[in-house]
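Work through the exercises below with the model open. Try each task before reading its solution.

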Amino acid sequence: MSVRVQTEDFDLSAETEKLIGGRRDVGAIVTFTGKVRGDDDGREVSTLTLEHYPEMTEAEMARIEQEAMQRWPLQAVLMLHRVGELKAGDNIVLVIAASAHRQAAFEAASFLMDYLKTRAPFWKKETGADGSSTWVEARAEDDDAADRWR
Amino acid sequence: MSADATRRVRLLYFAWVREKIGLATEDVDLPPDVATVEALVAWLKQRGEGYDEAFARPQVVRAALDKVHVKPSAAIGAAREIAFFPPVTGG
């Protein structure tokens with residue numbers, strides 16, 4: 001199990017290999033990559049700045065992983081989130097869930113992302129093409145998505 | 001420590017809460033009657049314009065005690081670090 005917060009980009013294949021390489025008990029790997037969109041509801045986004053609460057971020061992500069481990073038979077989990085200044089097209093977040101069978105891996109990956117979005121202390125600030133910046137607002141749909149796991 | 005003594009805690013602010021207050025962190029002496037997160041918010045609100053603006057809609061601002069999410073009614077207890085921030089928007 002692992003959680004990581006970093007400014008550097010990540011490589012999906014390398015992270016998957018590092019997490020699961022050589023294991024013979026893993027039958028299913030589901031990965032999710034979140035990226036910076038170039039527009040947000042019609043507004044052009046040139047950069048996205050990710051702020052977080054160091055230490056609580058890692059602690060909260062570890063709690064989320066723990067909860068996923070209790071709900072599904074997972075062999076390996078990775079949650080990796082970038083912080084700092086990102087551009088449209090850049091990677092933001094990577095979740096990997098590995099299990100013996102696909103259903104647990106699919107569900108766990110979905111759960112990990114839903115909980116990460118509603119509980120891990122990260123905040124996004126968008127800067128538009130005109131140089132103005134605004135804090136991204138939390139979406140009710142994200143709360144609804146997390147609530148379905150209760 | 002007597003029951004009516006003040007207690008020093010560290011406050012942390014993030015995102016637009018930090019911007020409105022104009023500080024990322026500060027150490028404050030909690031008055032003895034400030035026992036819950038919502039009481040702390042009410043106390044902070046009267047410390048200045050930036051605080052008042054940051055907590056204008058207190059139900060929107062989230063809190064954590066020693067890096068664990070809590071509700072406004074939570075008792076501060078022995079927490080050393082209290083953080084205030086907007087609803088999270090990672091992922």
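Predicted model: local features only at pLDDT ≥ 70, side-chain atom pairs only at ≥ 80, totals over all residues.

Residues are numbered from 1 along each chain as its sequence is written, chains are lettered from A and ligands numbered from 1 in the order in which they are written, and side-chain values use heavy atoms, without hydrogens and water.

**Exercise 1.** Describe how H3(A) and H4(A) cross.

Step 1. Locate helix H3 (residues 102-119) and helix H4 (residues 140-147) of chain A. Helices are DSSP runs (H or I, at least four residues), numbered from the N terminus.

Step 2. Their axes come within 9 Å and cross at roughly 130°. Axes are lines fitted to C-alpha atoms over the stretch in contact, with angles from 0 to 180 degrees between N-to-C directions.

**Exercise 2.** Which residue forms a salt bridge with Arg63(A), and is each partner buried or partly exposed?

Step 1. Apply the cut-off: a side-chain nitrogen of Lys or Arg within 4 Å of a carboxyl oxygen of Asp or Glu.

Step 2. Glu60(A) is the partner, with the closest N and O atoms 2.7 Å apart.

Step 3. Both sit in helix H2 (residues 56-71) of chain A; being three residues apart, they are separated by about one helical turn.

Step 4. Arg63(A) is partly exposed at 34% relative accessible area, whereas Glu60(A) is buried at 5%. Buried means under 20%, exposed over 50%, partly exposed in between (1.4 Å probe, protein chains only).

Technical notes
Helix = DSSP H or I, 4+ residues; strand = E, 2+ residues; numbered from the N terminus.
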